[in-house]
Amino acid sequence: MDALSTVLVAMVAGAIRVSTPFLFVSIGECLTETGGRINLGNEGALVLGAMAAYACAYQTGNPWLGVLAGAAAGAALGAIHGAACALPRVNDVAMGIAVMLAGTGIAFFFGKPYVQPSAPHLPTLPLGLWSASPQVRSALEVSPLFFLGLLAALAMWWALRATRAGLRLRIVGDNADAARALGLPINWTRFLATAIGSGLAGIGGAFLSLSYPGSWNEGLSSGQGLMAVALVVFARWNPLWCIVAALIFGAAGALGPSLQTVGVTWGYYLFYAAPYVATLLILVATVRPGRALRGMPGELSIAR
Amino acid sequence: MASVTSVGEVAAGAGAAEAPGAVAPGRSDRWYPARRALEAAIAPLGALLVAAALFSVFLLALGKSPVEFSMVIWRGAFGSLFSLQNTLARAAPLLLTALCVAVPAQLGLVVIGGEGALVLGGLAATCAGLAASSLPPSLALLAMALAGTAAGAAWIGLTGVLRVWRGINETVASLVLAYVAIALFNHLVEGPLRDPASLNKPSTYAIPDKDILGPLPGTDLHPGLLVGVAACILCWVLISRTTLGFAARIAGGNLRAARLQGLPVGALMIGACALGGAFAGLAGMIEVAAIHQRANASLIAGYGYAGILIAFLARQNPLAIMPMAILVGGIGAAGGLLQRRLGLPDATVLVLQGFVFVSVLASETFFGRVAWFQPRAAGGR
Amino acid sequence: MGGFVGPTRRRVLEGGLGASAFALGLGTGARNAQAKELTIGFIYVGPKDDYGYNQAHAEGAASLKSLPGVSITEEERVPETDACEKTMQSMIELDGAPLLFPTSFGYFDPYMLRMARKYPKVQFRHCGGLWTEKDPTNAGSYFGYIGQAQYLSGIIAAHTTKTKKLGFIAAKPIPQVLINVNSFALGARSVDPSVTTRVLFTGDWSMPVKEAEATNSLADEGVDVVTCHVDGPKVVIQTAEGRGIYTCGYHVNQAPLAPKGYLTGAEWNWATVYQMFVRKALAGETLPNFVRGGLAEGFVRTSPYGPAVGEAARSHADSVKAEMMKGGFSVFKGPLMDNKGGQVIAAGTAYPETAIQLESMNYLVEGVNGALS
C-alpha cells in the first residue's frame, strides 16, 4: 500500500473517529427536536456523560458500564431540561443554556479527581486485518460505538416513520393542537424524547472519554453539543442525514492534522469553519420566507 | 416575549380611591402596576432562594458549610471595596452583550450570537485604532467605537437579513455565525493581522498608549461600566417610551397584526438585530481599549454567552439587566476566593450559576398564574 | 464566567539580561500583618493535575509547603484576561500575599505589569515573561532552558527508532515551541542524520481531540517515537501507547501513562526556582529580576529512562548530559540549515542557550518535515 493510499485510509479512519460523538449528539438532538423541543443543553449532557463514564469505568474497571453510566447521566440532565421546559412559558433556548452550564459545572466539579488516573478504554474492532501494512491495521481500529451509533440512527429513522410511537412523537412536535385533539400526552412525550436524546448525547460523551481521545479533562469537548443544533438543521431532522452531517463535520475537525501531513498547512482555522459556512449556504439556498424549512417540526419554538 | 408595559397598565390609569378588598363596579385597578412590578421581583427572588436552598443541600452532601460558603461569596462579591469593584468590572461587558439579546427579543427574535459580534467588534476596533494612531485620543477612540459597533451591527444584522430575506431561523443562524466569526478572528489574528513581535501570544499590534481607556478617577473601574449602564437606560427609553419601541413590541407580540397595520416588520427586525449587534461590538471595543490593548485570543471570554442568560433572567427588560449582571458578576468574582478559602474547585461557581439560572428561568412559569397579581376585571365579579 | 471557551496559555523563553532587584516588602496585607507567615500566591491557567504544564508548577509550589513560615495560596483555571488581574489583586488585598507567581505567559503584558505598578511593595515573578529594565523593578521573570532536555530526548529517540521517523506534536509555531522541536530534531540527527522529524501543529495549547488525531496521523505515517509540546501531554502519550509506539514526555514525568513505550522526557523542576525565591524572601534579601537556568542549574531535568532504552542510547545521552552540565554546550551552532534549504546559522557561530537570537526563532531545521504556516 503506497503512501498516498495510507494517508487516505488514515483520513477516513480519522473522520470516523471524530464524527462518532457528533453522530450520537445529533441523533439525540434530532429526537428531541422532532418532539418539538430544542435542547441546547446537550453540550452539558455530553460533558457530564463523558465524566460519568470515565469515573464509572475507572471505579468498576469495566468500560461498558461506563458507557451506561454516561447514558444515565446524560438522561438525568435531559430530564431536568424536560421537566423544566414542560412548565408553561419557560423558554427552552434559555433553559438549555442554563442546563448546559449546570451540567458542565457538575461534570468539572466531580471530575477533578479523575483527571490524573487512567480508566480502561473501550475495545476496538480491528477492521484492517485485510491489510499487510501495520499502519493501516492500526488506523482501522474502529470503535463499536460508531456502529452502535449507525444502528441507533437507522433504528430512529425507521421508528419515526413506521411505528406508532414515532408517529405520535412527530405529531406532538409538529402540531400541538392536533396532538391534543388525539389525546396524546404532549408533555410526557416531549419529556421522554428530551431525556432519551440527552442520554444519547451522554453516550457520545462516553465515547470521547473512553475511546477517543480516551482521557478525561476539562477541555475534552470542543462544543460538539452546541454544534449538534446546526447539524440537525443541516440534516433536516432526518436521522439518516444526521449520519452524513456527522461525518462531514467530524471530517472537517479531523482533517487538520492529516492535511498537514501532506503539506497543506495554511488556514487551519478556516477548515474548522467550513462546515458551518456550508450549513449557512445550504440554508440560504433552500429556505424561503413564509415557507418553513422543510422537515422542521412545527412546534419548535424556533420555528416561526 | 415579555414586554415592559401592557395594555392593562395603560387602562389602569385613572381611578378613584379603592375600598379595601372590594372592587366596585366600573372602577379600574390602580394597584395593578404595583402588583405587576412586585410579581416581576418576587418570582426571581423566590427562585434564587430555591436555588440557594438546593445548592446548600449540595454543599452539605459534600461536607461543606453553606453558611461559610455564603460568607465567602459575600466577601468575594460585595464585602470589600475591592470585591465590589471586581463584581462591577465583571458586570460591565455583560450589560452590553445582554442587550445584544434583549433588543432583538422585543421583536420576538432569539439571537444568541453575541460572542461573534464581540470578537469581530474588538478586532475592527483594534484595526481602527491602529489606523487612527496619529489622531488625538478622543478622535481615535471615536473611530474605534464606530468601527466596533459597525462590525458588530453588521454581523448580527446579517442574522436579521437572513431571517427577513430567507426566513432562516435567527437562533440557528446566529449560533452558526458565531462559530464562523471566531474562526475568522483566529485566522486573522494569527495570520495577516499578526504583530510579528507577538511571537508567543499571537496578537495584533497594540493600540498606542495614548488611546488606552484609563480607569475612572479614584476607582479601578473603566468607563465600560458607565457605557453599559447608559446603554441599558437608553434601550429602556427606546423600547418603552418611543413610538419605534412600541412598534417593535407590537411586531414582537403578533407579527400578522403588525403587518396588517402596515408596520415595516422586516426593517424593524434587521434594525433591532443591528442595534443589538452594535452593543456587542461596542463591548468588544471597550475590552480592547480598556483592558487588552490588542486583539488576541483573550477576547474570546464567553461574555456573549453569559449575556444570553442575563437577558433571559432579566426577562428582556433592559433595566433589569443591570441587577442581573451584577448578580452574575458577583458570583463569578467570588469564584477565586472560593477556591482559595474553601478549597472548592472553580467549577463550583459554574454549578451555582447553573442552579440559579435553571431556577430563575423555571420561575417564569409563575407569571400570570397567581391570581392576586393579575389585573382585576373592571365591572365587578 | 468560564466553561465555554478553552483556556489558552503561553509560555516563552526570553532573552535579555536583568540586573537589578528589589527588596521584598513584607506585611502589605491586612491579613498577614500580625502573622509571621509569608503567603505566596500561585496562579495557574489550567487545572493543577493536568499531567502537564500546570502540574509542573503545582508540584514546585507544593515543595514550598515544607518550609517553615510559608503558606501558599493557589488559584487554578484563571484565564488570561483581566480576570487574572482581579485574582492577583484579590490575593494581595484579601490574602495579604507579598509575593506572587503568575505562571502563564499571557498574564504578563499588560495585566501583571499593571498590577506591579499599582502595588509597588508586592513582588511579582512571572514564568516565561520578557522582563526588561524598562519594566517595574518589583516585577521579574524566570524560565528554564528545556530545549537542552529535548535535545537529550532526541538522542534517545534516534537510538530507539526503527523506522527512522520521529514525530512532534506542537501547539503553536512560536519560538519556545520551535526551540523544542529543533532541539529534539538536532539531538536525533546527531545520532543519525537520516532521521526525520515530522511536526504537526494543533493550533492551540489544549485540544485533546486534535492531539489524538495528530498522534494517530503520525503513527499512520510510520512514526514510531512521538513527543509533544502541548499543555497536557496525557492524550498524546496515552494514544501513542495505545498504538504501540514510543513516547518522550514533556513538562512532567508521564511514565505511569505509558509503561512500555515511555523512553524519557524533558521535565521542569520548578521547585529549584521557587525555593530559591522564597528562601531569599524569608531572609529579606532582594529578589533577582531575571532568572534563567537549564540542566546545570537544576531548573529542568530529564525523566528516568524507560525499559525500552538501550545501553548505547543511555551512554550516549549520559555523556552529552555531562557535557551540558559543565556549561557552554550549544545545541544551535553553525553551519545550520533550515528545512527550506537556507542557512540560518553561519559556520563558526555557536549559540548557547542564553543567546538572545534564539528567542526569535522562526525556522525549522533541516530534517524536520513541516511548515510554520
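This briefing walks through some features of the structure above, chain by chain and topic by topic. Please keep in mind that the model is predicted.

**Chain A in outline**

- Read from the N terminus on, the elements of chain A run α-α-α-α-β-α-β-α-α-α-α-α-α-α.
- Chain A has 304 residues, and 62% of them count as buried.
- Among the contacts in chain A with a separation of 6 or more, 76% come from residues 24 or more positions apart.
- The accessible surface of chain A is about 10800 Å², and carbon and sulfur atoms hold 69% of that surface.

**Helix pairs in chain B**

- Two packed helices are described by the angle between their axes and the distance between the axes.
- In chain B, the axes of helix α4 (residues 81–105) and helix α11 (residues 265–292) come within 7 Å and cross at roughly 170 degrees.
- Angles over 145 degrees count as roughly antiparallel, so α4(B) and α11(B) are roughly antiparallel to each other.
- Residues of α4(B) that meet α11(B) include P93(B), L96(B) and L99(B), while the α11(B) side includes A272(B), F279(B) and I286(B).
- Helix α8 (residues 224–241) and helix α9 (residues 243–253) of chain B have axes that come within 5 Å and cross at roughly 70 degrees.
- That angle falls in the range from 65 to 115 degrees, and α8(B) and α9(B) are therefore roughly perpendicular to each other.
- Where these two helices meet, L238(B), I239(B), S240(B) and R241(B) in α8(B) touch residues of α9(B), including T243(B), L244(B) and F246(B).

**Salt bridges**

- The count over all chains comes to 19 salt bridges.
- In one of them, the side chains of R315(B) and E364(B) meet at 2.9 Å, N to O.
- R315(B) sits in the loop between α12 (303–313) and α13 (318–342) of chain B, whereas E364(B) is in the segment after α14 (347–363), 49 residues apart.
- Both R315(B) and E364(B) are buried.
- D220(C) and R243(C) also pair up in a salt bridge, at 2.7 Å, N to O.
- D220(C) counts as buried because its relative accessibility is 5%, and R243(C) counts as buried at 14%.
- A network of salt bridges links R340(B), R341(B), E75(C) and D95(C).

- N216(C) lies in helix α6 (residues 208–221) of chain C, and counts as buried at 4% relative accessibility.
- Beyond its sequence neighbours up to four places away, N216(C) touches R17(A), Y212(A), T239(C) and R243(C).
- R314(C) is in helix α9 (residues 311–326) of chain C, and is partly exposed, with a relative accessible area of 26%.
- R314(C) and I155(C) are 159 residues apart in sequence, with 9.1 Å from C-alpha to C-alpha.
- On the surface of chain B, L38(B), I42(B), V370(B) and W372(B) form a nonpolar patch with about 360 Å² of accessible area together.
- I42(B) belongs to helix α2 (residues 32–61) of chain B, and counts as partly exposed at 43% relative accessibility.

Terms used
Residues numbered from 1 in each chain as written. Chains lettered and ligands numbered in written order. Predicted model: local features only at pLDDT ≥ 70, side-chain atom pairs only at ≥ 80, totals over all residues. Heavy atoms only, no water. Patch = residues over 30% accessible without salt bridge, like charges linked within 9 Å, V, L, I, M, F, W, Y side chains within 5 Å. Areas by Shrake-Rupley, 256 points an atom, 1.4 Å probe, with all protein chains shown as cover. Salt bridge = Lys/Arg side-chain N within 4 Å of Asp/Glu carboxyl O. Helix = DSSP H or I, 4+ residues; strand = E, 2+ residues; numbered from the N terminus. Buried < 20%, exposed > 50% of the residue type's maximum accessible area, 1.4 Å probe, protein only. Axes fitted to C-alpha atoms, helices over the stretch in contact; angles between N-to-C directions. Parallel < 35°, antiparallel > 145°, perpendicular 65-115°, else oblique. Contact = heavy atoms within 4.5 Å.
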